[in-house]
Amino acid sequence: MIQQHLSILLVVIPLLAAPIVAMLRGSRLPWLLTLLITWVCFALAGIQLWTVATHGTISYELGGWEPPWGIEYRIDALNAFIALIVAGIAALTMSYAFRSVEKEIRSEKTPLFYTAFLLCMTGLLGITQTGDAFNVFVFLEISSLSTYALISMGRDRRALTAAFSYLIMGTIGATFFLIGVGLLYSVTGTLNMVDLAERIPQVSSMRTLHTAFAFIVVGVSLKLALFPLHLWLPNAYTFAPSIVTVFIAATSTKVAIYVLARFIFTVFGADFAFGVMPTTWLLVPLAIIGLLSASAVAIGQNKIKRMLAYSSVAQIGYMVLGIGMATSAGLTAALLHVFNHALMKAALFMALGAVFYRFGSVYLDDMRGLGKRMPWTMGAFVAGGLSLIGVPLTVGFISKWHLILAAIELGWWPVVVAIVVGSLLAIVYIWRVVEVAYFQEGKSNERCEAPLSMLVPMWALVGANIWFGVDTRLTVGMAQHAAQLLMGVSP
Amino acid sequence: MTAAMALQLALLVPLAGAALIGLLGRWPNLRETATLATATALFSTVIYILLALLGGEVVETTLIEILPGMSIALHTEPLSILFALVASGLWIVTSVYSIGYMRGNNEKNQTRFYLFFAIALFGAMGVAFAANLMTLFVFYEVLTLSTYPLVAHKGDANALKGARTYLGILLVTSIGLFLPAIIWTYAVAGTLDFVPGGILEGKISDSMAALLLLLFVLGVGKAAVMPVHRWLPAAMVAPTPVSALLHAVAVVKAGVFTITKIVIYIFGVDMLAHVPAEKLVMYLAGFTVVTASLIALRQTNIKRMLAYSTIGQLSYIVLAALALAPYSEVGAAIHIVAHAFGKITLFFTAGAIYVASKKTEVNQLHGIGWRMPWTMTAFAIGALSMIGVPPTAGFVSKWFIIAGAFQLENYFVLGVLILSTGLTAAYFLPIVFRAFFQKELEPPAKDHGEAPWQMVLALSTTAALTLLFFFFNSPVVLLELGILGMGGK
């Protein structure tokens, strides 16, 4: 019975749990319930992935209404993969969360914090599960609104302004997306993605359709933080509570990449998106400028959280680059990096969160000698950093390999150079931290390692970083499968 | 134990040794014993693999598939086993020397030193026995990262600056040039395996092949071809045992080994012979030899002078490999051994002089030969080997390189060799003369004799090896002539 309703359960369970958590008191009980929910969802997402791998695409009709009139939840290899990432990161983040939330969130707001977290998770999972274009907007807004609330709960007063500017830009993005979907509906008469895919080729010359495409791509790009629509990201990541940064850095932009890929390849189709519209010429240059400029700016940052935020903008550039290539190899690289980057960034932000928990600061100057005082935490940071640089035996290397190979196959040599330069810039900003932490003397030498509840999820992610950097069958297999599906489904 | 198991053991032993060293950190004598035991165990394992190879066994093993169609795999052939023998053998000697140096100088962070030394050897073994370019690249990076804490050992601002240059140049060249070259090779040839005769025959145009070769030669920054050589003098901030490791045991040898292996087993000597633009890369190597010798002439700091001497000597090997003559390939391989013995002797003596007398400059060495006779005699032997005069090891490799030059009437190589021999003599011989035939300018602040006995033992051993190699080199030569049968002409 569960298997039948798997897809809807992934969304309904956190949705129903949210108001229950809001009614709980204290800080332990809400956390425990949220923890339970996230792990249940992780298990369900795993089962869903296995079901898709063995039985093919799942199609679930909400309320028994047949598509394309009813809302359909359609799970193929691509969104099963993304759903797993979201649920997995949520589960690990919650395992890590208790101490961090205790320190950073005001105690009377704690149940509301967990409520917002569950709603955010609902929104993100909803976006990945649904097969209806308007439903995507609904869940996009749910996840965005809860994210704004989560960010604003940071201790720093600037968290409020960061959340507000994200709210403005995010709403603009969502509105653009809505306009695009509305225009699509007006020319095709349907909102179901598969149905849209069938009808769009018939109207592909209409100006309205081109406009719809443009609105949707720009709207999603704002959510994606594609250069130059990324201005909300550095502040949002920096001033949000540590645990929020861990979660949204590893999930919300990834889900936006999923939406972009889904609309470009499944709904509009690669022939239209790249043949009729100049999408490659839009995405690729912006991706490259984004990855180079963001990496360069990251080097100058003294607040390490901000440095990693700019690093995220750069990594998103890599993913969009893969999509813009419009080849199976490029798409594989992009999807692979979605998974790998989630692992890397979550580990890095968790390490920073542990440093903040102990010292209340993530400024570079305050991290002197931290290598001796928090060896496990800084070890995790170094491992995540090496992955970001793309050292072999880490997931970052696998992503870079596939991306460079995809670029060489297309003969795009300047792009290869850009990708490599991005890695080299990463060496500079990661090594600044390593030098200060390991080779400079701090004020004292006493050990004050992070608590075990924070170390275990952190190192689970580091372990995954290395595991999937060596045994790539699962990740590369899934990414390739999803990429082929996307490229093949295009009419 | 099969030979395939021995290959895996060759990687496992230094790694396990590192863990052991880390655990025994609080008991220095036990920790030092662990290092020596690990080094001896590794050397024995490599000897076992050598015997298997000589016995005609096919020695290879696959560890894990890391990307679709590509695995981390190990094998052995004459070049690999030579590098592995040099690295593992000299690790034993360097460990003895390090004990004397570290204790004589009362250095801090000794456990960190021995631990990362072991990991560096793990990387070196991986590079030596790699069966494809991907495996080699993985261990090449392990070597870079594990030697960073060794170069930065002293921890002061100077050491950090030097270590930053070291890491910066090596990572930039490896990720920026070496990796794209590897991926390009994979895209063109469909495989990265080391195959006798190369994998690029007929798959790439001549001009592209020359460009790819240049990417490799500059990308393998550890070979210190100009202009990616600056990390070598920068790394002189490290303690002398680390310099010995870098210059003789592992790092630079890994670099020139990689280039020679790529020339023979990725491109193929025959294939490169038909690429006219390949000569340009050879000219770059020759330019490096002469320029490095000229710069060495102007140095007053002993270790800096040795650093530039190494840059020149490394490019001998690259030059010989790119000369594409059968004998020059053999000469390149043998020079890996000859230079290792000679240079490690020279670095050991530099360190001994520092520990005993705190002297670091060339012009402070008047008359020191009478205070430290063992040390300065060893220095003289090492210097003669660099110049390439019998009865030292350097003569054997030079002989083969010159023979190779004549084989293909390569007068460029001949000219470079003659010029650099003269220059090398010009910067080394005055030191020997000064040490033995000139009186001390002023009595030293503290009366001193030889350095601690472990250091003198180590440097005497390597000096003896330098001499012995001249007389007993036929097993090595015969082994390396096997490259000709496999990959040369």
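Trainee: How many residues does the contact take from chain A and from chain B?
Mentor: In this predicted model, the contact takes 24 residues from chain A and 31 residues from chain B.

Trainee: What is the area buried between the two chains, and what share do carbon and sulfur atoms give?
Mentor: About 2600 Å² is buried between chain A and chain B, and carbon and sulfur atoms give 83% of that area.

Trainee: Which three residues of chain A supply more of its buried area than any other three?
Mentor: They are A:Trp401, A:Trp431 and A:Phe439, which supply 27% of the area that chain A buries against chain B.

Trainee: How many salt bridges are there between chain A and chain B?
Mentor: The count is 1 salt bridge. The side chain of A:Glu435 meets that of B:Arg164 in a salt bridge, at 2.6 Å from N to O.

Trainee: Now the helices. At what angle do H5 and H6 of chain A pack?
Mentor: Helix H5 (residues 133-152) and helix H6 (residues 158-188) of chain A pack at about 175 degrees, and their axes are 9 Å apart. An angle over 145 degrees counts as roughly antiparallel, and therefore H5(A) is roughly antiparallel to H6(A).

Trainee: Which residues make that contact?
Mentor: On H5(A) they include A:Phe134, A:Phe137 and A:Leu140, and on H6(A) they include A:Leu160, A:Leu167 and A:Phe177. By class, the contact of H5(A) with H6(A) has 16 nonpolar, 4 polar and 1 charged residues.

Trainee: And in chain B, how do the axes of H3 and H19 cross?
Mentor: Helix H3 (residues 78-104) and helix H19 (residues 453-471) of chain B have axes that come within 7 Å and cross at roughly 150 degrees. That angle makes H3(B) roughly antiparallel to H19(B). The crossing of H3(B) past H19(B) is left-handed.

Trainee: Which residues meet there?
Mentor: Among them are B:Leu90, B:Val93 and B:Tyr97 in H3(B), and B:Met455, B:Leu457 and B:Thr462 in H19(B). The contact of H3(B) with H19(B) has 9 nonpolar, 3 polar and no charged residues.

Trainee: Changing topic: is the peptide bond from A:Phe227 to A:Pro228 cis or trans?
Mentor: The bond is cis, with omega near -5 degrees. A:Pro228 is placed in the loop between helix H8 (207-224) and helix H9 (232-239) of chain A.

Trainee: What kind of peptide bond joins B:Met226 and B:Pro227?
Mentor: A cis peptide bond joins them, and omega is about 5 degrees. B:Pro227 is in the loop between helix H7 (206-219) and helix H8 (231-234) of chain B.

Trainee: Last one: is the phi of A:Ala326 positive or negative?
Mentor: The phi of A:Ala326 is positive, at about 60 degrees, although this residue is not a glycine. A:Ala326 lies in the loop between helix H13 (304-324) and helix H14 (328-359) of chain A.

Key:
Residues numbered from 1 in each chain as written. Chains lettered and ligands numbered in written order. Predicted model: local features only at pLDDT ≥ 70, side-chain atom pairs only at ≥ 80, totals over all residues. Heavy atoms only, no water. Axes fitted to C-alpha atoms, helices over the stretch in contact; angles between N-to-C directions. Helix = DSSP H or I, 4+ residues; strand = E, 2+ residues; numbered from the N terminus. Parallel < 35°, antiparallel > 145°, perpendicular 65-115°, else oblique. Contact = heavy atoms within 4.5 Å. Nonpolar A, V, L, I, M, F, W, Y, C, P; charged D, E, K, R; others polar. Left-handed = near helix turned anticlockwise from the far one by under 90°. Buried area = accessible area lost by both parts, 1.4 Å probe. Salt bridge = Lys/Arg side-chain N within 4 Å of Asp/Glu carboxyl O.
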